Amino acid sequence: MKTIADLGDLRGRRVLVRSDLNVPLDDAGAITDDGRVRASVPTLQELSSQGARVIVCAHLGRPKGKPDQKYSLQPVATRLAELLGQPVAFATDTVGESARAAVGALEDGQVLLLENLRFNAGETAPTAEERREFAEQLAGLADAFVSDGFGVVHREQASVFDIARLLPAAAGGLVRTEVEVMKRLTEDPARPYAVVLGGAKVSDKLGVIDNLLAKADRLLIGGGMVFTFLRAQGHEVGRSLLEEDQVEAVRGYLRTAEETGVEIVLPTDIVAATEFSAEADHDVVPADEIPPDRLGLDIGPDSARLFAEKLADARTVFWNGPMGAFEMEPYAAGTRAVARALVDITAAHDALTVVGGGDSAAAVRQFGHSDDEFGHISTGGGASLEFLEGATLPGLEVLED
Ligand code: ADP
Ligand code: MG
């Protein structure tokens with residue numbers, strides 16, 4: 001993979017950097033977790049200190065291919081300037097007049113952020129043909145390209161993939177670090193190797209289980225995914241999240257696990273609520289006795305203990321997806337217990353603990369943990385899962401020499 005050093009002397013050159021600044025915002029538009037902005041800073045500092053004219057581009061949320069102020073990157077520019085300790089100019093469009101003028105005004109070492117890439121339909125269009133014009137316009141702004149948004153390298157998009165063929169291109173430090181960690185997880189991980197999966201993007205994540213069964217020693221399942229497993233075992237799950245069309249596949253995973261000696265750890269108890277709300281009535285029930293009118297919103301206390309036990313001797317852990325609807329305190333305990341277990345084994349025997357997924361990372365910070373209590377907090381949920389799955393990631397492949 002080509003690195004920034006391969007780009008040669010950058011003084012006075014315009015360098016377009018694709019960062020991942022896709023941060024969660026609250027209803028008032030304030031950033032609730034700036035982890036991805038912080039993770040983007042070192043590469044930008046490196047380029048700026050080399051005298052490059054740094055043009056940062058990124059997306060925020062899912063605007064529908066046209067400007068939508070709700071998804072403006074303006075508040076991120078403000079935060080980025082604070083973290084960088086230097087001004088960050090902001091262009092109110094991506095490749096239009098504002099962007100061209102701002103690029104023209106950049107001096108060596110200065111930093112500019114373009115408006116949300118997804119305000120332009122070309123960014124995420126499905127074919128290279130439809131993305132070409134936008135990619136060419138982006139390329140027209142710069143002399144070189146640095147890919148540093150690990151969270152998007154699994155996407156074949158204009159600012160991730162096509163652009164790297166139009167300009168001299170290299171991987172930034174964040175992408176390199178993330179890839180190194182993912183390699184440690186896939187090539188000869190220290191054992192026991194446990195994978196904890198949860199969260200709400202159930203169908204996405206069920207797909208990786210196949211591949212993980214061949215690699216991990218233990219698979220702990222929590223979050224919304226649990227109910228498809230419980231269903232596959234023949235239990236009722238009430239109104240919980242359920243992927244009916246995946247039940248058969250999950251039965252297959254359970255069989256494979258048994259044949260290959262991989263331990264699948266499922267919760268024994270569930271916090272079941274009347275509504276998806278912090279104020280709803282909720283009780284701990286056995287996992288195989290979820291009442292028909294309730295929905296499971298967290299793993300129960302016995303399960304939290306069981307999960308902590310199953311993680312205690314692990315030497316490698318990959319965790320993606322909260323164990324419950326942790327944003328609401330009554331359903332946070334399971335996620336808190338897994339976070340604690342990872343912190344403990346990192347401290348106790350220097351286990352390699354990796355947290356992937358935007359919400360999982362936000363959860364550990366919400367619980368007051370600092371990033372360095374874990375082996376690595378990945379900025380990319382989907383990208384890290386696809387890497388583990390053994391998929392070819394277009395945004396990485398295009399950076400190979
Ligand atoms: P990540 O961003 O870490 O990859 P996901 O985006 O897949 O994780 O899922 C995170 C969301 O899953 C959280 O907002 C959380 O509230 C939700 N969640 C977890 N468990 C449940 C559950 N049992 N029912 C509904 N939502 C859940
Ligand atoms: Mg998420």
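# Reading packed helices and a pocket

Tutor: Start with helix α9 (residues 301–312) and helix α10 (residues 333–349), whose axes come within 9 Å and cross at roughly 25°. This is a predicted model, where local features need pLDDT of at least 70, side-chain atom pairs count only at pLDDT 80 or more, and totals for chains, interfaces and linings use all residues. Residues are numbered from 1 along each chain as its sequence is written, chains are lettered from A and ligands numbered from 1 in the order written, and side-chain values use heavy atoms, without hydrogens and water.

Student: How is a pair of packed helices described?

Tutor: By the angle between their axes and the distance between the axes. Axes are lines fitted to C-alpha atoms, for helices over the stretch in contact, and angles run from 0 to 180 degrees between N-to-C directions. Helices are DSSP runs (H or I, at least four residues), as are strands (E, at least two), numbered from the N terminus.

Student: Which residues make the contact?

Tutor: From α9, they are A304, F307, A308, L311 and A312. From α10, they are A337, V338, A341, L342, I345 and H349. Contact means heavy atoms within 4.5 Å. By class there are ten nonpolar, one polar and no charged residues. Ala, Val, Leu, Ile, Met, Phe, Trp, Tyr, Cys and Pro count as nonpolar, Asp, Glu, Lys and Arg as charged, and the others, Gly among them, as polar.

Student: At what angle do α1 and α2 pack?

Tutor: About 60°, with axes 10 Å apart. That makes α1 oblique to α2. V37, R38, V41, L44 and Q45 of α1 meet V76, R79, L80, L83 and L84 of α2. This contact has seven nonpolar, one polar and two charged residues.

Student: Which element gives the most to the lining of the second largest pocket?

Tutor: α1, with six residues. α5 (173–186) and β15 (376–377) each supply at least two. Of the 17 lining residues, the closest to the centre are R38, A39, L174, H376 and I377. The lining has five nonpolar, seven polar and five charged residues.

Student: Where is P192?

Tutor: In the loop between α5 and β7 (193–197). A cis peptide bond joins R191 and P192, with omega about 5°. D188 lies in that loop too. Its phi is near 55°, a positive value in a residue other than glycine.

Technical notes. 1 Å grid on protein atoms, 1.4 Å probe; cavity = no way out; pocket = protein on both sides within 12 Å on 5 of 7 lines; lining within 4 Å. Parallel < 35°, antiparallel > 145°, perpendicular 65-115°, else oblique.
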